[in-house]
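Biologist: I am new to this structure and would like to learn how to read it one feature at a time. Could you take me through it slowly, giving the idea behind each feature before the case itself?

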Amino acid sequence: MTNDLYKVPTIADMVAKGEFPDVLFWVGCAGAFDDKYKKVIKSLVKILNKANVSFAVLGPEETCTGDPARRAGNEFLFQMQAQSNIQVLNGYGVKKIVASCPHCFNTLKNEYPDLGGKYEVTHHTELLQSLIDEGKLSLEGGHFKGKKIAYHDSCYLGRANEVYEAPRKTLASIDTNLVEMKRNKRTGLCCGAGGSQMFKEPEKGDKTINVERTEEALSTGADVVATGCPFCKIMLTDGMKAKNREEVQVMDITEVIAKEEGL
């Protein structure tokens, strides 16, 4: 594996050389700070480099989109964070953004325009599908042959933005058996972390939402549960631990494709 697969240029460095990326990769807080999700980001970086995608990151200039602040009711903090990010993005003349976290994706796409930040925003599952459609990924590894994969819809990617088919088409592109949970797409069940619930104690009740969703995933007989969101990956992984079913892997779609590509 060559070091070229790990190249992560910053937009500042590219602009200084008189260059400009086709797309800005918005890493997000989970990708920057969560050790497990850093592996997802590294997988996506290797895929982007293998597919010769011209991309760059903001690096130290990237901060939180403000999504958690707005969901928690702190509109003042959200607007401060958003306006700061928009100033940086507009300063570089950014037009296209790919985001790995559906929460970042939703905020950048739907909430920044009201504050002057107007960009073409895609989620990484949509980008992966476009790379497959363009023949830039081979997907001939056969690592998941004979395996069942169940896809869990993220609320902010699915119900909030109606991105249902790209993740499924991406998974269907490999030699595997894609199965559906009883509640899927528009009726998909939240993992329990959305709307800033990730950062507070669960509500009182008989069962936590992530365990309920994990039971639905297990009922499909899946060997792998695929996600496209850092919060969903964390909550379902914890659910598997709670059910003593850690042999069932919870993987971001990026990790599935990277493994299939031998990256």
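This is a predicted model: local features need pLDDT of at least 70, side-chain atom pairs count only at pLDDT 80 or more; totals for chains, interfaces and linings use all residues.

Biologist: In what order do the strands of the open sheet stand?

Modeller: Four strands form this open sheet, in the order β6-β5-β7-β8, and their pairing is parallel. The strands β6 (177–179) and β8 (249–252) stand at the edges, and because each has a single partner strand, one side of each is left without a neighbour in the sheet. From one strand to the next, the twist averages 30 degrees.

Biologist: How many bridges join β5 to β6?

Modeller: Strand β5, residues 148–151, is joined to β6 by three bridges, and the two run parallel. To see a pair of residues within that pairing, look at A150, which stands opposite V179 in β6.

Biologist: Which way do the residues of strand β1 point?

Modeller: In β1, which covers residues 23–26, V23 and F25 point one way while L24 and W26 point the other way, and all of them are buried. This strand also has partners: two bridges join β1 to strand β2 (residues 55–56), running parallel, and three bridges join β1 to strand β3 (residues 96–99), again running parallel. The bridge partner of L24 in β2 is A56, whereas W26 stands opposite A99 in β3.

Biologist: Which residues does T10 touch, if those up to four places away in sequence are not counted?

Modeller: T10 touches A56, V57 and G59 on that count, and its place is in the segment before α1 (11–16). The relative accessibility of T10 is 18%, and since buried means under 20%, T10 counts as buried. T10 and L24 lie 14 residues apart in sequence and 9.1 Å apart in space, taken from C-alpha to C-alpha.

Biologist: How should I read a salt bridge, and how many does a search of the whole structure find?

Modeller: The idea is to look for a side-chain nitrogen of Lys or Arg within 4 Å of a carboxyl oxygen of Asp or Glu, and a search of the whole structure finds 19 salt bridges. One of them joins E247 and R245, whose closest N and O atoms are 2.5 Å apart; E247 counts as exposed at 52% relative accessibility, while R245 counts as partly exposed at 33%. Elsewhere, salt bridges that share partners join R183, K207, E212, R213, E215, E216 and K243 into one network. Within it, the side chains of K207 and E212 meet at 3.0 Å, N to O, with K207 partly exposed at a relative accessible area of 43% and E212 partly exposed at 28%.

Biologist: Which residues make the nonpolar surface patch?

Modeller: That patch, of about 320 Å², is made by F76, L77 and M80. L77 is found in helix α5, residues 75–92, and is partly exposed, with a relative accessible area of 33%.

How values were computed. Residues are numbered from 1 along each chain as its sequence is written. Side-chain values use heavy atoms; hydrogens and water are left out. Patches are made of residues with over 30% relative accessible area and no salt bridge: like charges are joined within 9 Å, nonpolar side chains (Val, Leu, Ile, Met, Phe, Trp, Tyr) within 5 Å. Accessible areas come from the Shrake-Rupley method with a 1.4 Å probe; for residues, only the protein chains shown count as cover. Buried means under 20% relative accessible area, exposed over 50%, partly exposed in between (1.4 Å probe, protein chains only). Two strands pair if DSSP finds at least two bridges between them. Axes are lines fitted to C-alpha atoms, for helices over the stretch in contact, and angles run from 0 to 180 degrees between N-to-C directions. Contact means heavy atoms within 4.5 Å.
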